[in-house]
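Hi there,

Here is the structure I promised to pass on to you.

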Amino acid sequence: MDRLVIRDWADIERVPMVDKALLRTVPTQDLMTRPITPDLVRITTSGSSGEPFVIYQARMEQYTSHVRVFAMLWELGWRPWQRILMLTRLEPEAVLPVEQDLGLLTRLRRGFGLFERDIASIYTPLTEVLRWLDAHANAPVLWSTPGIITILCDFLEEQGRRYRFRLVVLTSETLSRTLRARCERLLGAPVVSHYGLQECPTIGHDPGDGGHFRIQSHACMLELINTRIEEGGDGTLGDVVLTNLVNHTMPFIRYRTGDTSEVLPRPDCPAKVLGLILGRVDDVLTLPGGRRFAHHHAHALFMDFPLCAQFKFVQYPDGRLALRLRLRDGEAPEAVRDAALARWRTRFAEVPLAVEFVDTIMPVDARTGKFKNIERLSAGPA
């Protein structure tokens with residue numbers, strides 16, 4: 001492997017696959033093509049799987065990830081003189097990573113009014129968030145995450161409010177078809193799902209016009225492996241394998257991302273398009289008999305469940321499984337419980353499931369800004 005030369009896709013296919021667990025067994029310096037020096041950009045993954053992972057890249061390699069985001073927005077009709085609204089876990093005075101990395105961007109923003117953005121934190125009262133949206137209603141782009149936008153949509157429905165943006169971009173989490181339709185109805189704009197990882201920050205985007213992600217094939221190559229039709233599932237699934245063509249400092253070649261995707265009926269490999277991302281295989285609950293319950297199972301069963309505003313599957317340390325539901329106004333708990341269990345039993349009739357009701361919005365993770373609808377609990381209920 002020391003004499004590895006990659007000239008084309010056939011060369012990449014000869015490289016053994018790796019995953020994060022395997023890379024953790026190797027000293028970071030051994031994963032790199034150059035020494036670790038202060039001028040490198042150090043990135044840490046969110047640690048949502050339990051342990052953060054450190055990634056290094058050269059500053060110019062880091063710049064390209066920002067450029068690819070702006071290129072995506074340009075393709076979708078945004079222009080640098082148009083303001084972007086960001087509803088995130090960050091505070092309004094936050095300095096974004098792109099502004100830290102690209103000092104020119106800050107100078108253009110301050111001197112010429114280009115690349116303007118305004119930030120609102122989801123941790124502020126939602127009435128204040130609506131006032132912020134009202135004050136910026138002419139902004140063409142609203143940028144957020146599916147978990148945060150769900151909280152906003154719930155409040156808009158409670159208040160009987162709607163907006164008319166030109167574009168909504170959601171990133172960092174799985175976007176279901178049900179949530180996409182709901183956002184389009186309440187926010188009055190096409191919804192774009194941006195897909196990326198810290199290992200390759202911009203992989204592609206789904207503009208919602210064809211049910212697939214358009215892959216930025218000049219920056220990465222994707223494979224789908226372990227294709228399968230799971231018991232009780234609809235359609236074919238596959239595991240996403242990434243080759244990053246940009247990061248030469250710490251190369252990721254045939255890297256198992258941990259993501260599961262729908263497999264489209266297209267023969268091309270490396271993939272130029274990708275089906276709906278259904279979640280991370282890191283978030284897997286173990287059922288009796290060793291069966292797995294992953295995000296795509298939850299997605300298939302409850303993403304379009306109209307009787308609740310939020311749902312989340314949790315597994316206690318003793319193995320008990322529970323479905324937490326936040327009811328919509330006016331719904332009767334017992335009727336919702338019966339309907340939820342009826343859905344569950346269509347695919348997992350032999351597995352006991354408790355239904356628990358919560359009164360308040362289930363929060364996003366403060367570290368990542370993401371909402372996980374599958375979680376192993378580290379301690380039992382109080």
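Let me start with Tyr195, which counts as buried because its relative accessibility is 6%, under the 20% cut-off. Please keep in mind that this is a predicted model. Phe213 counts as buried too, at 3% relative accessibility.

Searching the whole structure turns up 12 aromatic pairs. In one of them, the ring centres of Tyr195 and Phe213 are 5.6 Å apart and the planes meet at 55°, so this pair is tilted. It joins distant parts of the chain, as Tyr195 belongs to strand β7 and Phe213 to strand β9, 18 residues apart.

**The eight-stranded sheet**

Both of those strands belong to an open sheet of eight strands with mixed pairing, ordered β4-β3-β5-β6-β7-β8-β9-β13. At its edges stand β4 (117-121) and β13 (273-274); each has a single partner strand, so one side of each is left without a neighbour in the sheet.

Within this sheet, β7 (residues 191-197) and β8 (residues 200-206) pair in the antiparallel sense over four bridges. Tyr195 turns up again here, with Gly204 in β8 as its bridge partner. Helix α8 (residues 177-187) packs on the sheet and touches β5, β6, β7 and β8, with its direction at about 130° to that of β7. Another helix, α3 (residues 59-75), lies across β3, β5, β6, β7, β8 and β9, running at about 15° to β8.

**The four-stranded sheet**

There is also an open sheet of four strands, again with mixed pairing, in the order β19-β18-β17-β20. Its edge strands, β19 (354-358) and β20 (374-376), each pair on one side only. From one strand to the next, the twist averages 30°.

Strand β18 (residues 321-327) pairs with β19 in the parallel sense over five bridges, and Leu325 has Phe357 in β19 as its bridge partner. Helix α10 (residues 333-348) lies across β17 (308-315), β18 and β19, at about 135° to β18.

Phe311 and Phe313 are both buried.

What sits over the ring of Trp74? The charged end of Arg79 does, 3.7 Å from the ring centre.

Methods:
Residues numbered from 1 in each chain as written. Predicted model: local features only at pLDDT ≥ 70, side-chain atom pairs only at ≥ 80, totals over all residues. Heavy atoms only, no water. Pairing = 2+ DSSP bridges. Helix = DSSP H or I, 4+ residues; strand = E, 2+ residues; numbered from the N terminus. Contact = heavy atoms within 4.5 Å. Axes fitted to C-alpha atoms, helices over the stretch in contact; angles between N-to-C directions. Phe/Tyr/Trp six-rings, centres within 6.5 Å; stacked < 30°, edge-to-face > 60°. Buried < 20%, exposed > 50% of the residue type's maximum accessible area, 1.4 Å probe, protein only. Lys NZ or Arg CZ within 6 Å of the ring centre and 35° of its normal.
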